[in-house]
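The following report describes selected features of one protein model.

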Amino acid sequence: MTPKFSPGPLTREEFDLFWEQGYVVVRGVLTREEVQHYGRLILDLLPRDLHIPEYWKVYSGRIKPFYTPGNQSFDSPEFIPLWQNPILYAAMAQIIGYPRLLIKDGSVGITMRNDSAHDDPLSHPLHLDAAAPDEADNFLFSEEEVELGGCYYLTDVEPRGGGVHVVPGGHRIVEAEARAVANGRQLHDRWCNIKHLKTVEVTGQAGDFVVMHHLMPHAASHNHNATTRLAHFFRYWRDDQPYRLGDRPGDPHPGKTYNDLQQKAMSPLGRKLLRVDPW
């Protein structure tokens, strides 16, 4: 069920495009100055001697830093403003048609040029970041289940530049396939290895945010261009989502606490999104 359109950062055409195609690019969420600032913060995560910690993930020119072992969320005070961007929040609430949202993830990606993989555009299998837990028999297909995920592009992403790959209309395809069988959540290795769908690359400018429906098959891609792609990933979901919070890997723990410096960096909106204060 598509929520009713209401005024917000997205035009009616962009809103309709999201619900038809399962993704949309929110243009100009960050200014050029903000992009440069956060891009430097991400590049500064790389050790000067390029000694990559063992607990980081590195493959096919893609570097995924971890804040601490097992924790990919960068929520230190300097990153907090990205978690609480009011334009992005307004766009997410507009798409879902529900204001009381929560936020998680906060991982970053650094994708350098890779000259060894010209035949396959994808550096990671096509998959879902599904809201439903792995052990569920099927998705709920309800308004309350909907999650929105995606990433800030902190560099201009041109074709073959490491952009996110998606399947236009993929959320509808997944729903149809999952509804057709008894254990639809378990198809395609729990939707972690989707091989039968064709993708397109989502390009964009620095400061844009690529938004995807939680049933959108997507994948990372190789970067064949000179510009290193920088991205910061987030997921939004409703505060009344039926699944228990904190039960899945990567979920913030319901009782997570933030230190004084983190809380000082939070706006009133950020405190609600990060579950410091209730909605």
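In this predicted model, an open sheet is built from 3 strands in the order E7-E6-E9, with antiparallel pairing. Strands E7 (200-202) and E9 (218-219) stand at the edges with a single partner strand each, so one side of each has no neighbour in the sheet. Strand E6 (residues 164-166) pairs with E7 in the antiparallel sense over 3 bridges, and Val166 stands opposite Val200 in E7. Two strands are taken to pair if DSSP finds at least two bridges between them; helices (H or I, at least four residues) and strands (E, at least two) are DSSP runs numbered from the N terminus.

Residues are numbered from 1 along each chain as its sequence is written. Local features need pLDDT of at least 70 and side-chain atom pairs count only at pLDDT 80 or more, while totals for chains, interfaces and linings use all residues, and side-chain values use heavy atoms, with hydrogens and water left out.

The second largest pocket holds about 410 Å³ of space. Among its 19 lining residues, Met1, Trp19, Val146, Glu175 and His213 are the closest to its centre. Helix H5 (residues 170-179) supplies the largest share of the lining, 4 residues. By class, the lining divides into 7 nonpolar, 6 polar and 6 charged residues. A pocket is here an open set of points on a 1 Å grid over the protein atoms alone, where a 1.4 Å probe fits, with protein on both sides within 12 Å along at least five of seven lines; lining residues have an atom within 4 Å of a point.

The model has 9 aromatic pairs, counted where ring centres of Phe, Tyr or Trp (its six-membered ring) lie within 6.5 Å; planes under 30 degrees apart are stacked, over 60 edge-to-face and the rest tilted. The rings of Tyr67 and Phe74 have centres 5.4 Å apart and planes at 55°, so this pair is tilted. Tyr67 is partly exposed at 36% relative accessible area, whereas Phe74 is buried at 4% (buried is under 20%, exposed over 50%, partly exposed in between, with a 1.4 Å probe and protein chains only). Trp83, Tyr152, Phe209 and Phe234 form one aromatic cluster.

| Charged residue | Ring | Distance to ring centre |
|---|---|---|
| Lys104 | Trp237 | 4.5 Å |
| Lys272 | Trp279 | 5.9 Å |

Leu230 lies in strand E10 (residues 229-238) and is buried, at 4% relative accessibility. The C-alpha atoms of Leu230 and Arg62 are separated by 10.0 Å, although these residues are 168 residues apart along the chain.

Conventions
Points joined across faces, edges and corners; volume = space filled by probe spheres on them. Nonpolar A, V, L, I, M, F, W, Y, C, P; charged D, E, K, R; others polar. Lys NZ or Arg CZ within 6 Å of the ring centre and 35° of its normal.
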